[in-house]
Amino acid sequence: MNRLSIRPLTCAALILFSIVSLPHAQTQSIHVSPAAGQKILIDASKDGGVWWSPQGGGHQGTALADYIRGLGFQVDELGQGMTITDSMLSQYDNVITVASAFPYDSNELLAYDHFLGRSTHLFLLLEYMWPGQKDQLADRLGIPLVGIAYGQISKFATSPITQGALPLYYMAGSAIVDTLANPAIQYLAWLSEDDYVDVNLNNLWDQGEPFGAPVMGILNYQQAKVFFIGDENCMESVPQGLIDNLMRWSHCEGLTGNVDCSSDGQSDISDLTALID
């Protein structure tokens with residue numbers, strides 16, 4: 001089922017507004033060296049429609065996939081119903097997963113455990129959550145996203161990932177209510193102080209539902225680096241500086257001395273500053 005079709009009408013208004021009004025940051029070019037990190041797998045095997053809909057001459061995720069290809073990466077998209085295996089994930093150092101409407105089986109989850117046991121990057125592009133609903137991979141990693149929120153991401157932490165990022169329109173995504181649940185998470189972005197998290201999806205603010213909640217972050221998990229955001233649609237609007245930064249982060253992470261993830265891969269005074277920060 002296409003989850004977009006059941007979203008409240010306010011989401012449509014925000015999507016239209018973001019398409020018409022959102023300016024784009026100017027960022028440096030990304031120069032990717034031929035290596036395993038140049039390949040990116042988009043795991044849309046459990047997608048319910050936010051990536052693959054509509055079928056035909058193009059789908060909702062086409063713009064993002066093509067944009068990343070334009071940055072110099074080989075991008076492979078995994079179709080609905082395909083099975084994740086160890087041998088498949090072993091071919092990639094960078095995997096993007098989109099919101100899952102269908103469950104992974106135990107062998108697929110084990111394959112992801114092995115993937116996270118290497119020096120890899122996992123990008124979780126998630127969606128809003130019904131009461132009691134959890135995303136399997138996010139839950140496995142201890143990322144406690146819940147509910148639904150609309151509005152704007154207007155507060156960013158200082159990070160190479162968020163550098164130059166403009167306010168992003170949060171079309172309909174989940175958020176973190178219990179910020180103490182996993183102290184290993186480094187939060188990168190928050191909703192505006194006027195936007196709350198509707199935990200029970202009753203379209204009303206209820207006592208205890210927080211305003212200005214975090215919606216984006218990173219964490220170290222085993223040997224891997226994990227990025228997450230609670231609204232997949234935010235990432236499908238391109239071009240945008242956040243995606244450029246993430247791709248630069250994914251291919252420069254681990255390069256000796258290149259702490260600030262600069263596109264030239266050189267060690268300089270800015271790396272020392274980033275390391276101290």
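Select Arg 69 and Asp 66 first: the two form a salt bridge whose closest N and O atoms are 2.7 Å apart, a salt bridge being a side-chain nitrogen of Lys or Arg within 4 Å of a carboxyl oxygen of Asp or Glu. Because they are three residues apart in helix 2, Arg 69 and Asp 66 are separated by about one helical turn; helices (H or I, at least four residues) and strands (E, at least two) are DSSP runs, numbered from the N terminus. Arg 69 is partly exposed at a relative accessible area of 32%, and Asp 66 is partly exposed at 41%, where buried means under 20% relative accessible area, exposed over 50%, and partly exposed in between (1.4 Å probe, protein chains only).

The model is predicted, so local features need pLDDT of at least 70 and side-chain atom pairs count only at pLDDT 80 or more, while totals for chains, interfaces and linings use all residues. Residues are numbered from 1 along each chain as its sequence is written, and side-chain values use heavy atoms, with hydrogens and water left out.

Arg 118 is partly exposed, with a relative accessible area of 28%.

The structure holds six salt bridges, and another to select is that of Lys 46 and Glu 108, at 2.8 Å from N to O. This pair links distant parts of the chain, with Lys 46 in the loop between strand 1 (39-43) and helix 2, and Glu 108 in helix 4 (residues 106-116), 62 residues apart. Both Lys 46 and Glu 108 are buried.

Now select the residues around the largest cavity: Leu 64, Ile 68, Ile 96, Phe 123, Leu 125, Met 235, Ile 243, Leu 246 and Met 247 line it. On a 1 Å grid over the protein atoms alone, a cavity is a set of points where a 1.4 Å probe fits but cannot get out, and lining residues have an atom within 4 Å of a point. About 60 Å³ of space lies in this cavity, and helix 7 gives the most to its lining, with three residues. The lining divides into nine nonpolar, no polar and no charged residues.

From Leu 125 in that lining, step across to Ile 229, its bridge partner in strand 9. Strand 4 and strand 9 pair in the parallel sense over five bridges, two strands being paired if DSSP finds at least two bridges between them. Strand 9 (residues 224-229) is mostly covered, with five of its six residues buried. Strand 8 runs antiparallel to strand 9, joined by six bridges, and Gly 217 stands opposite Phe 228 in strand 9. These two strands form a hairpin with two residues between them, and Gln 222 in the turn has a positive phi of about 55°.

Continue from strand 8 (residues 214-221) to strand 7, which is joined to strand 8 by four bridges in the antiparallel sense. Select Trp 190 here: its bridge partner in strand 8 is Pro 214, and Lys 155 stands opposite Trp 190 as well.

How values were computed: 1 Å grid on protein atoms, 1.4 Å probe; cavity = no way out; pocket = protein on both sides within 12 Å on 5 of 7 lines; lining within 4 Å. Points joined across faces, edges and corners; volume = space filled by probe spheres on them. Nonpolar A, V, L, I, M, F, W, Y, C, P; charged D, E, K, R; others polar.
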